[in-house]
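Keep the model open as you read.

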Amino acid sequence: MKKRFQKFVPRTEIYENFIDKLNITTSVIEKHVSESFGFAVAEDIYAPENIPGFDKATIDGYAVKATDTFGASDGNPALLKIVGEVFMGKEYDGKPINPGECVKIPTGGMLPEGADACVMIENTSQIGKRVEIYKSVAPGENIIKKDEDVKKDSIVLKKGERINIGHIHNLMSLGITKVKVYQKPTICIIPTGDEVVEPEKDRKLTQIRDGNSYALMAWLKSYGYNVKRHPLVKDNPDEFKKGVEWGLENGDIVIISGGSSLGARDYALSTIEHFGEVLYNGVQVKPGKPVIFGKTENKVILGLPGNPTSFVVSSYLFLFPIIRKVAGNIDYLPKPDSIVRISTNVPAAQGRERFVFVQLEYTEKGFIAHPILGESGLASPFRMADGVVRIPLGKEGLYKDEECEFYRF
């Protein structure tokens, strides 16, 4: 096998020239809205009507003309005549409100014609057929306009948006019960390595049990993705080819777990080249440097490093964005969850963008990130961590109390 050299590129180049340019997407299916959470919508969806559809009160109290309350106070209350009452789920059947009049109204009740605000019941006192108002309100106060939530003909969901709980609520409220979405991709994982054995097997002193593929399966399934795992593949070119061939036949994205480090028995590159092409071989990231990015005409093949922390970081930075892109999402790249302060000095990785596992502590000054340092061959850092902080490429490191980006897994 010929000796290969890796050309390491910045993470941004992978995003711009590989993931952004992927034109591979899954098929479009129809789902009931109640079962569409987490899917990317496959078409723009417009609102057929307004929500809530009528002006409504947000408090229990009285519907009024705001000008009738101007100047009202405890010592100088406004006195209004009660001319009716609004009931939930029913239109007000009385006459429009005139100056000096008001209507009793519950939270969510339909605002009577002529009213433009509501006064909280706590700021009133009813005396027979009249009510004293002790606090003024401005026009529009304590009400929701008929199209304030969703306006008719506006876009409720843009093609490629990931459906969330709010979308489901809006769609159902609009009477839209079915949507076209992109099918979630199937990911096939191929664990490799002569030194790797199944978790239930006894191991020799120099062997390791496979934790990577099982951890990744659980992680992917937690997002609703379809995952299949191939039996362990030994470092043999024919076995690699059989494994990847199985993955390409059964999934949309194929993961070679391990086999992406330099060495005489690394067959991941040659196997990917056998079925397609290698676009990139190595990233300027620590941990997670030896990642292989390949594809066929309509499938993605990714070689992930075998060391646990490298495996986790590269999955987060590259595998998940690829999955989201293939699943039709327009928002697929990782974003920091927050800005935190580091609790101690942390050195950078020379020539690489570094991600450091951290535990978060909440203090009066905000979140403090405590680094969990360890080599990439250890699993403890990501087992104990809340996420990672980022040291940008070219930066000398982080200094104690310096602000930095935090990414939660």
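At 0% relative accessibility, cysteine 102 counts as buried, because buried means under 20% relative accessible area, with exposed over 50% and partly exposed in between (1.4 Å probe, protein chains only). Cysteine 404, at 4%, is buried too. This is a predicted model: local features need pLDDT of at least 70, side-chain atom pairs count only at pLDDT 80 or more, and totals for chains, interfaces and linings use all residues. Residues are numbered from 1 along each chain as its sequence is written, and side-chain values use heavy atoms, leaving out hydrogens and water.

The structure holds zero disulfides (a disulfide is a pair of cysteine sulfur atoms within 2.5 Å). For cysteine 102, the nearest cysteine sulfur belongs to cysteine 118, 10 Å away.

Which residues have the most contacts inside the largest nonpolar core? They are Phe293 and Ile322, in a core of 43 residues. A nonpolar core is a set of buried Ala, Val, Leu, Ile, Met, Phe, Trp, Tyr and Cys residues joined through side-chain atoms within 4.5 Å. Helix 6 gives the most to this core, with 11 residues. Helices (H or I, at least four residues) and strands (E, at least two) are DSSP runs, numbered from the N terminus. Beyond its neighbours within four places in sequence, isoleucine 322 is in contact (heavy atoms within 4.5 Å) with residues including Phe18, Ile253 and Phe293. A second, separate core has 16 residues, among them Phe39 and Val179.

Now look at a helix pair. Asn212, Leu216, Trp219 and Leu220 in helix 3 meet residues of helix 6 including Pro308, Phe311 and Ile323.
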